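Please keep the sequence and the model open alongside the text.

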Amino acid sequence: MFPKLKVSSCIIAVLSSAFLAFGLYNVHSLSNITEGGVLGLTLLLDHHFSISPAISNFVLNAVCYLIGWRLLGKEFIAYSAFATIGFSAAYKVCEQFDPLWPSLAEHPLLAALIGAVFVGIGAGFCVRVGGAPSGDDALAMSLSHVTHLRVQWIYLISDLCVLGLSLTYIPLSKIMYSLLTVVISGQIIGFIVSPPPIEKIFGKKKKSDPQDFS
């Protein structure tokens, strides 16, 4: 059914999503630093309705993938399923323990930076192998197809909408830190998925002069 599915990629999808869940529980939910899209919406539902992200993330992702399944390949759906299960299972395990860094709640800037790293690395590696830890990708592609807007604008609009709703329980000052997290995590994801050529990082390699070898 999935002839191109790689076991190694499935493992990466699960582990990277578990890494994301670990950061979301120990950093974001503790310090009220939120995310846009589905990730941010799970934290919003957790705060207002005490619905665990272990449940809401699974349900919201399933709805998003159902909406966009016609636009996505079978392998993407399969890897995303592994990622969703990995996230939900890992978050459920994390909930059995107290947060590791409770003092982060008093340092929102540090929490925003650390949280961005967890989200960027966790989501980035999952996307790189062909899946997604949330349904944002599927939903963005579907809305882009319907509205004819570029996908990046759909992402931005969804993030701003969720951050706007998050003002119902997060002060404006902390929303600014959340916006910082969204921007940085997005850059990390982009770097992992499509890293720039090595020459752009360390500079162009100087061409050898043939006369040097004479």
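One aromatic cluster is formed by Phe19, Phe22, Trp101 and Phe118. The model is predicted, and a search of the whole structure finds six aromatic pairs in it. In one of them, the ring centres of Trp101 and Phe118 lie 6.3 Å apart with their planes at 35 degrees, so this pair is classed as tilted. The pair links distant parts of the chain, since Trp101 sits in the loop between α4 (74–94) and α5 (108–128) while Phe118 belongs to helix α5, 17 residues apart. The two partners also carry their own accessibility values: Trp101 counts as partly exposed at 33% relative accessibility, whereas Phe118 is buried, with a relative accessible area of 9%.

The secondary structure of the chain comes to nine helices and zero strands, and from the N terminus on the elements run α-α-α-α-α-α-α-α-α. Of the 214 residues in the chain, 41% are buried. Among contacts in the chain with a separation of 6 or more, 79% are accounted for by residues 24 or more positions apart.

## Individual helices and residues

Helix α4 has 21 residues and spans 30 Å from its first C-alpha to its last, which is close to the 30 Å expected at 1.5 Å a residue. Its buried residues include Phe76, Tyr79, Ala83, Phe87, Ala90 and Cys94. An α-helix has 3.6 residues a turn, so residues three or four places apart point the same way. The buried residues of α4 also include Ala78, Ser80, Thr84, Gly86, Ser88 and Tyr91.

Ser16 is found in helix α1 (residues 7–31), and at 7% relative accessibility this serine counts as buried. Leaving aside its neighbours within four places in sequence, Ser16 is in contact with Gly122, Phe125 and Cys126.

Ile55, by contrast, is found in helix α3 (residues 53–68) and is exposed, with a relative accessible area of 51%. The C-alpha atoms of Ile55 and Ala89 are separated by 9.6 Å, although the two residues are 34 residues apart along the chain.

Ser50 lies in the loop between α2 (37–49) and α3, and its phi is near 55 degrees, a positive value in a residue other than glycine. Ser50 counts as exposed because its relative accessible area of 62% is over the 50% cut-off.

| Residue | Relative accessible area | Class |
|---|---|---|
| Ser16 | 7% | buried |
| Phe118 | 9% | buried |
| Trp101 | 33% | partly exposed |
| Leu149 | 39% | partly exposed |
| Ile55 | 51% | exposed |
| Ser50 | 62% | exposed |

## Surface

The chain exposes about 12,100 Å², and carbon and sulfur atoms supply 70% of that area. A nonpolar surface patch of about 930 Å² is made by Leu149, Trp153, Leu156, Ile157, Leu160, Leu167, Leu172, Met176, Leu179 and Val183. Which helices each supply at least two residues of the nonpolar patch? They are α7 (151–165) and α8 (172–193). Leu149, one of the patch residues, is found in the loop between α6 (136–147) and α7, and this leucine counts as partly exposed at 39% relative accessibility.

Notes: Residues numbered from 1 in each chain as written. Predicted model: local features only at pLDDT ≥ 70, side-chain atom pairs only at ≥ 80, totals over all residues. Heavy atoms only, no water. Patch = residues over 30% accessible without salt bridge, like charges linked within 9 Å, V, L, I, M, F, W, Y side chains within 5 Å. Areas by Shrake-Rupley, 256 points an atom, 1.4 Å probe, with all protein chains shown as cover. Salt bridge = Lys/Arg side-chain N within 4 Å of Asp/Glu carboxyl O. Helix = DSSP H or I, 4+ residues; strand = E, 2+ residues; numbered from the N terminus. Buried < 20%, exposed > 50% of the residue type's maximum accessible area, 1.4 Å probe, protein only. Phe/Tyr/Trp six-rings, centres within 6.5 Å; stacked < 30°, edge-to-face > 60°. Expected span 1.5 Å × (residues − 1). Contact = heavy atoms within 4.5 Å.
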